[in-house]
Amino acid sequence: LPPFGIVFSAGLGILCGLASGLLTLMVYSSEDLFQRLPIHWMWWPAIGGAVVGVGGLIEPHALGVGYENIAALLHGDLGTIAVVRLVVVKALIWSIVLGSGTSGGVLAPLLIIGGALGALFGSVMPIGDAALWALIGMAAMMGGTMRSPLTAIVFAVELTHNFGALLPLAIACALAHATTVLLLRRSILTEKVARRGHHVMREYIVDPFETVRVAEIMTKAVDTLPGETSIEQVI
């Protein structure tokens with residue numbers, strides 16, 4: 001990329017950060033919706049599986065692990081319509097399935113969704129190509145959603161050996177991470193832990209009051225007396 005291309009990389013990073021927040025919201029809104037259903041929780045994964053089946057009828061490429069989609073995005077082999085269908089269907093079925101309690105991965109779907117956003121972004125950019133912007137989008141989505149920008153940068157470079165993309169990758173991942181930190185209290189990986197009642201410290205926090213729970217320091221064995229006890233009995 002030419003020097004002014006860094007500005008576009010920053011824009012894609014912020015866009016992926018916003019998309020990360022939306023994906024996290026979709027996953028846990030889906031979980032809240034399933035909890036309101038008037039049926040036993042054992043049926044939730046079945047409903048999630050049905051949603052996957054319907055999504056596969058609309059866009060078969062959204063099924064499976066998706067490594068072939070990642071490769072196609074990195075080679076710029078998908079057209080705009082195909083990319084739009086892939087990102088919409090994949091995001092919907094992935095968020096609903098995870099919300100239903102069905103076991104599912106995070107890494108590959110994030111790479112697919114981020115790569116699709118990057119490819120769409122690159123289709124309207126005057127510089128670079130769709131494959132390069134797909135790579136930057138993958139890393140930014142991974143770094144923002146999982147709160148691991150350094151891992152995403154190294155992962156993208158290691159995956160493609162494209163060291164020329166190191167600077168735009170670093171800028172996009174850093175801004176995606178910053179956007180999600182400002183938007184969300186917790187990442188998609190720690191939100192479920194917090195919802196189970198476990199205390200999760202915010203990243204990079206130093207306040208000791210955020211690391212200790214009241215239950216850990218309060219007096220639990222409190223000495224009490226019945227209200228009808230007389231003063232003589234108390235003495």
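**Stop one: the cysteines**

There are zero disulfides in this structure, a disulfide being a pair of cysteine sulfur atoms within 2.5 Å. A quick note before you click: this is a predicted model, where local features need pLDDT of at least 70 and side-chain atom pairs count only at pLDDT 80 or more, while totals for chains, interfaces and linings use all residues. Residues are numbered from 1 along each chain as its sequence is written, and side-chain values use heavy atoms, with hydrogens and water left out.

Now select cysteine 16 and cysteine 173. The sulfur of cysteine 16 has its closest cysteine sulfur in cysteine 173, 8.6 Å away, which is too far for a bond. Cysteine 16 is buried at 0% relative accessible area, and cysteine 173 is buried at 0% too (buried means under 20%, exposed over 50%, partly exposed in between, with a 1.4 Å probe and protein chains only).

**Stop two: a loop arginine**

Next, pick arginine 147, in the loop between helix 6 (130-145) and helix 7 (149-160). Helices here are DSSP runs of H or I, at least four residues long, numbered from the N terminus. Buried or exposed, this arginine 147? Arginine 147 counts as buried, at 10% relative accessibility. A polar atom of its side chain sits 3.1 Å from the backbone oxygen of threonine 180.

**Stop three: a helix pair**

Finally, show helix 2 (residues 44-58) and helix 4 (residues 80-99), whose axes are 9 Å apart at an angle of about 175°. That makes helix 2 and helix 4 roughly antiparallel (the cut-off is over 145 degrees).

Terms used. Axes fitted to C-alpha atoms, helices over the stretch in contact; angles between N-to-C directions. Helix = DSSP H or I, 4+ residues; strand = E, 2+ residues; numbered from the N terminus. Parallel < 35°, antiparallel > 145°, perpendicular 65-115°, else oblique. Polar contact = N/O pair within 3.5 Å; in protein donor to acceptor, adjacent residues only side chain to side chain.
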